[in-house]
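Subject: Structure handover

Hello,

Please find the structure below, followed by notes on what was found in it.

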Amino acid sequence: MRGFALNRTPAFVVGPGRVSEIGADVTDMFSGDATVMLVADPGLASLGITERAMAALARGGHRVVLFEDITSDPQETQVAAGAAMAWQVKARAVVGLGGGSALDAAKMIAVASVADRAVEDYRLADHPLPARRVRLICVPTTAGTGSEATAISVLSAPDHTKYWYWGDPLKPDFIVLDPELTVGLPVALTAATGLDALVHAMEAATNRKANPGNDLYALSAIRIAVAYLPRAVTEPGNLDARMRMMLAASSAGAAIDNAGTALAHNVAHALGSLMPIHHGRAVAIAMAATLPFVIEGNPGGFSRVAEAFGLASADALPARFSALLDELGLDRSLPRDIDAATLAARMAAPENAAMLRATARDFSEEDVHGLAESVLAATTRAGQAA
């Protein structure tokens, strides 16, 4: 067994209703009151979640400044505006509240609020991130991206290209997992975000950086997701299933923080730069279409994944994964027609190439084009079936 290293994992607190104590958490951080920027998904206001978090912070005696100018697939310009506001109000802490988009934005706002460069200068680690000077708390309201456990943010440029930002300053100090915050999530989003977590874990367990230590996170996340994601979808009020899925998502987030992702995420990011599609749907579609190809590159790793699924061999994994998507009612159609050459070009683009290289199978240019054709053929069939 070759050696490996595992990154630090932030402190976790878990429990139904736990968000109500977040004001006391901030007080403990500073031994007193502080100005806090709450970076919240704008859709949470109608559910009362934003007000609940603000009230909890106010009970701790803190001044709360709300920033909600975030879209799905957060924009670099939005992060720049949030960072400028955080600096102007002298925020001592940033709290991210929402799904992966809100958390990715909050993390980068906390870092960029003290940066001496434009946000886009940090794309793809072109320059090291500055040391973060404000405290950072993440409160996910979905069980999916695992952004709360990673040193990664994904932001979109004005031309919709998705860029990775990474570095230890992006990792939060503290994570609050409260399953009550996920109960109002629509069924389709519960399924899509849960599948994102599952694919994270599958890729972290099978790519070139996979290792036995990281499998403690990845394989555990797979077992939990396979058992509890269907329950979270069919029983939306099941807090036990919701809480276990939050643990699966955070564990899978820790797993990709250590090992990264691979081909399914490469395809999903390429699709996301070409059309408006939910990231969780995109990675699930991509994984279903490419599993037979990637299994050949790492049969041992995928055998362990298959075992976590409760299967006897990796050969059974593609059919089981596809059946799970059907069980969860995942929409496999694409919102826009594209050709294989366009998709393959985005898959090979510099911002996505690292995920191709991480896949435990060597690629030719013809392979990339063939995989793009496979993905589009699978989604076309799904759209016709619908």
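Ala-125 sits in the loop between helix 4 and strand 5, with helices (H or I, at least four residues) and strands (E, at least two) taken as DSSP runs numbered from the N terminus. Its phi is positive, about 60 degrees, although Ala-125 is not a glycine. Ala-125 counts as partly exposed because its relative accessibility is 36%; buried means under 20% relative accessible area, exposed over 50%, and partly exposed in between (1.4 Å probe, protein chains only). Leu-124 is found in that loop too, between helix 4 and strand 5 (135-140). Leu-124 is not a glycine either, and has a positive phi of about 50 degrees. At 26% relative accessibility, Leu-124 is also partly exposed.

The model is predicted: local features need pLDDT of at least 70, side-chain atom pairs count only at pLDDT 80 or more, and totals for chains, interfaces and linings use all residues. Residues are numbered from 1 along each chain as its sequence is written, and side-chain values use heavy atoms, with hydrogens and water left out.

Next, helix 2. In helix 2 (residues 49-59), the buried residues are Ile-49, Thr-50, Ala-53, Ala-56 and Leu-57. They lie on the same side of helix 2 because they cover an arc of only 130 degrees around the axis, the arc being that of the directions from the helix axis to the C-beta atoms. Glu-51 and Arg-59 are exposed, on the face turned away from the buried side of helix 2. The cover over the buried residues includes helix 1 (22-30), strand 2 (35-40), strand 3 (63-67) and strand 4 (93-98), where contact means heavy atoms within 4.5 Å. Just after helix 2, Gly-61 has a positive phi of about 85 degrees.

Last, the pockets. A pocket is an open set of points on a 1 Å grid over the protein atoms alone, where a 1.4 Å probe fits, with protein on both sides within 12 Å along at least five of seven lines; lining residues have an atom within 4 Å of a point. The largest pocket holds about 770 Å³ of space, a volume being the space filled by probe spheres set on the points. Its lining has 41 residues, and Gly-99, Gly-100, Ser-101, Thr-145 and His-278 are the closest to its centre.

The second largest pocket holds about 610 Å³. Of its 23 lining residues, Ile-152, Trp-166, Lys-209, Ile-256 and Gly-260 lie nearest its centre. Helix 13 gives the most to this lining, with 6 residues.

Regards
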